[in-house]
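Student: I am new to this one. Can we go through it in short steps?

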Amino acid sequence: MRFGIVGDDSVATAVRAAGASVEPTSAEADAVVAVGESALSTVALGSEWSCPVVPVDCGAPWSTPRRGLESRLSAVAAGDGRVVDHPTLSLRVGGDAAGRALLDAMLVTSEPAHISEYGVARAEAAVPFSSDPTDESRAAARWTPVDEFRADGVVVATPLGSSGYARAAGGAVVGPAAGLAVVPVSPYATQTDSWVLQPPVRLSVERDDAPVSLVADDEVVREVLPSESVVIDRDGSVPLLVE
């Protein structure tokens, strides 16, 4: 079996020890080993690699620690593994494309010790997923309010990201097809809900209390004004090789 490597070429030793070969070209690789969250995002959100991915050292339950990589790849090479598709997200602000995310997207006050008021809405009816960029059916979704709350922010996590920051904020860990975890971040109220919603999901800033930023996979994308809404939707998937 031929494995590409992204993130840290030193894992080539484990690849070869597992009886596999290192393949430098994406077109010829059977799978790709992505070392670290940054490398995984590069593979998942880029166009170079289309083969299944083995995540390594991403600090999550679905990731293989480096010390266990040789045995993991030996099992994969022997046919002991399955491919599970995990959704990736598109972000639109006021109807304009604003970025993509693999793990989570968040609205958060730009300055420490400030809170704002946020709104969450879901699509009024189920909207079938389409990878066709000319399909306008999802963009035309009608919205049903879910809740409004005062908080430092609100995070929307994919199944891959739901075991990270969103879980620490009190959200559920969700399976690959279960939906998106939506969680208030440091809410002002003593009791708040969190939700698992099918995409698309709409977030809004309900008050002009403090500047609010849109953050995707820990990177600030842009400021979001109270007059703008953020629509977070599935835009594709990444195939992960899992046990």
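What follows is a short exchange on charges, cysteines and backbone angles.

Tutor: This is a predicted model, where local features need pLDDT of at least 70, side-chain atom pairs count only at pLDDT 80 or more, and totals for chains, interfaces and linings use all residues. Residues are numbered from 1 along each chain as its sequence is written, and side-chain values use heavy atoms, with hydrogens and water left out.

Student: How many disulfides does the count come to?

Tutor: A disulfide is a pair of cysteine sulfur atoms within 2.5 Å. The sulfur of Cys51 has its closest cysteine sulfur in Cys58, 15 Å away, so that is too far for a bond. The count comes to 0 disulfides.

Student: Is Cys58 buried or exposed?

Tutor: Buried means under 20% relative accessible area, exposed over 50%, and partly exposed in between (1.4 Å probe, protein chains only). Areas come from the Shrake-Rupley method with a 1.4 Å probe, and for residues only the protein chains shown count as cover. Cys51 is buried at 10%. Cys58 has a relative accessibility of 6%, so Cys58 counts as buried.

Student: How many salt bridges does the structure hold?

Tutor: A salt bridge needs a side-chain nitrogen of Lys or Arg within 4 Å of a carboxyl oxygen of Asp or Glu. Arg222 and Glu228 form one, with the closest N and O atoms 2.9 Å apart. Arg222 is partly exposed at 30%, while Glu228 is buried at 17%. The number of salt bridges is 9.

Student: Which residue forms a salt bridge with Glu28?

Tutor: The closest N and O atoms of this pair are 3.6 Å apart, and the partner of Glu28 is Arg2. The two are 26 residues apart: Glu28 is in the loop between strand S2 (21-22) and strand S3 (31-35), and Arg2 is in strand S1 (residues 2-6). Strands (E, at least two residues) and helices (H or I, at least four) are DSSP runs, numbered from the N terminus. So the name to keep is Arg2.

Student: Which residues are linked with Glu117 in a network of salt bridges?

Tutor: Start with Glu117 and Arg150, whose closest N and O atoms are 4.0 Å apart. This pair links strand S8 (residues 116-123) to strand S9, 33 residues apart. Glu117 is buried at 15%, whereas Arg150 is partly exposed at 24%. The network joins Glu117 with Arg150, Arg207 and Asp209.

Student: Which residues form the negative surface patch?

Tutor: Patch residues have over 30% relative accessible area and no salt bridge; like charges are joined within 9 Å, and nonpolar side chains (Val, Leu, Ile, Met, Phe, Trp, Tyr) within 5 Å. Asp and Glu count as negative, Lys and Arg as positive, and His and the chain ends are not counted. Glu148, in strand S9 (residues 143-157), is partly exposed at 47%. The patch is formed by Asp147, Glu148, Asp193 and Glu206.

Student: Which residues does the cis peptide bond join?

Tutor: Look in the loop between strand S11 (195-197) and strand S12 (201-205), where Pro200 lies. Omega is about 5°, and the bond joins Pro199 and Pro200.

Student: What is the phi of Asp218?

Tutor: Asp218 lies in the loop between S13 and S14. Asp217, in the loop between strand S13 (212-216) and strand S14 (219-224), has a positive phi of about 50° although it is not a glycine. Asp217 is buried at 18%, but Asp218 is exposed at 68%. Asp218 is also a residue other than glycine, with a positive phi near 75°.

Note on methods: The place of a charge is taken as NZ of Lys, CZ of Arg, CG of Asp or CD of Glu.
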